Amino acid sequence: MNLLNNTNTLLAFVRSVETGSFSAAARALGLTPSSVSKAITRLEAELRSKLFRRSTRYLEPTEEGLALFERVAPLLRGLEDATDSMRTDGDARGLLRVSMPGEIGRLLLEPLTTGFLEAHPGLKLDLSLSDRHVDVIREGYDVAFRIGHPADSDLTARPIATLDMILVASPALLSRHGAPAAVEELRAMPMLRYLFDGRTAAITFADGTSVQPNGRVGLDTGAALRASALAGVGVAHLTRCSVQGDLDRGKLVQVLPSQRLPGLPLQSIHAFGRMLPARVRLLTDFVAAEIRKILNT
């Protein structure tokens, strides 16, 4: 079988793996589920390999299907991206897969789903809101936004902003335990543990003093830390922009305001190098502009 002459069939296969169903793949491609299913059946017959395990409840790629996907998907994305990167009309089309920290996503969700998508009707947006550092290449993301310094040295990073960090607690918690006046007093308070890769992240102040939170509750997202801080469970270390509204309404109070915390960079990372697709460039520019608005309010 000459795969180069069957790009439409391969595209149906790739979308079926990515979406987990023939129906979802058909919607993404503007086809009928039966046409996608028949295309996959023809592909399996030509390759003489079973590419999916099917049941009425799930669709799962076989080992052979995954092997084909890992080889074909980057090639098809490359063709799409090459076309996208050459656009000069200022617009972009296709599916944009994005990973973003949950609390940043919460702040940007409305402008992304209204302003950005309305300005670019040819785009679809798949947005994963999680603090987990996704594997951009292997998991097929166009771009990921991360707080902190990326460890993926083979990816291209663009600084978006520097986010101020803050320690916060609810008024109820501070009334029970008192407001700490020094770092030593902070260590005696219930502190929420931020879990990154299963390990508790330390809190380091600008003067180099470090605190290892040892509270009873550990959480792996900023959204969960904020919710727990609001519930009075413990002191949380968060980006200021994610809790500024809570501070303004008096639902949270800054802890140890005299002890400065170093800011953390918000960066976009991608694997396109210099051939950046228009859809990624447009989104990154939009996010940068929206973040500036949030930080300046």
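How many helices and strands are there in the protein chain? I found 10 helices and 15 strands. I took both as DSSP runs, numbered from the N terminus: helices are H or I with at least four residues, strands are E with at least two.

**Ground rules.** I noted that this is a predicted model, where local features need pLDDT of at least 70, side-chain atom pairs count only at pLDDT 80 or more, and totals for chains, interfaces and linings use all residues. Residues are numbered from 1 along each chain as its sequence is written, and side-chain values use heavy atoms, with hydrogens and water left out.

**Overall.** I looked up the extent of the C-alpha trace. Along its principal axes it spans about 70 × 45 × 35 Å. Then I checked burial. Of the 297 residues, 41% count as buried. Buried means under 20% relative accessible area, exposed means over 50%, and partly exposed is in between, with a 1.4 Å probe and protein chains only.

**Helix 1.** I started with residues 7-19, which form helix 1. This helix has 13 residues and reaches 18 Å from its first C-alpha to its last, close to the 18 Å expected at 1.5 Å a residue. The expected span is 1.5 Å times one less than the number of residues. Its buried residues include T9, L10, F13 and V14. V14 has a relative accessible area of 2%, so V14 counts as buried. V14 and E70 are 56 residues apart in sequence, yet their C-alpha atoms are 9.3 Å apart in space. Just after helix 1, G20 takes a positive phi of about 85 degrees.

**Helix 10.** Next I turned to helix 10. It has 19 residues and reaches 27 Å from first C-alpha to last, close to the 27 Å expected at 1.5 Å a residue. Among its buried residues are L282, L283, F286, V287 and I291. I kept a general rule beside this list: an α-helix has 3.6 residues a turn, so residues three or four places apart point the same way.

**Aromatic rings.** I counted ring pairs. Rings of Phe, Tyr and Trp (its six-membered ring) pair if their centres lie within 6.5 Å; planes under 30 degrees apart are stacked, over 60 edge-to-face, and the rest tilted. The count comes to three aromatic pairs. F116 and F286 form a tilted one, at 5.3 Å centre to centre and 50 degrees between the planes. This pair links distant parts of the chain, with F116 in helix 5 (residues 102-119) and F286 in helix 10 (residues 278-296), 170 residues apart. Are F116 and F286 buried or exposed? Both are buried. Elsewhere, ring pairs link F13, F22 and F52 into a cluster.

I also looked for a charge over a ring, meaning NZ of Lys or CZ of Arg within 6 Å of the ring centre and within 35 degrees of the ring normal. R97 lies over the face of Y141, at 4.5 Å from the ring centre.

**Largest pocket.** I read its volume as about 730 Å³. Of the 35 residues that line it, the closest to its centre are I147, M165, Y194, H237 and L264. Elements giving two or more residues to the lining include helix 5, strand 5 (143-147) and helix 8 (222-230). By class, the lining has 20 nonpolar, 10 polar and five charged residues. Nonpolar covers Ala, Val, Leu, Ile, Met, Phe, Trp, Tyr, Cys and Pro; charged covers Asp, Glu, Lys and Arg; the others, Gly among them, are polar. For the search, a pocket is an open set of points on a 1 Å grid over the protein atoms alone, where a 1.4 Å probe fits, with protein on both sides within 12 Å along at least five of seven lines; lining residues have an atom within 4 Å of a point. The volume is the space filled by probe spheres set on the points, which are joined across faces, edges and corners.

**Loops.** I checked R48, in the loop between helix 3 (33-47) and strand 1 (52-54). Its phi is near 55 degrees, a positive value in a residue other than glycine. R48 is exposed because its relative accessible area is 78%. L256 has a positive phi too, near 50 degrees. L256 is in the loop between strand 14 (253-254) and strand 15 (264-270). Why does L256 count as buried? Its relative accessible area is 4%. P262 lies in the loop between strand 14 and strand 15. At 36% relative accessibility, P262 counts as partly exposed. P262 and D164 are 98 residues apart along the chain, with C-alpha atoms separated by 7.1 Å.
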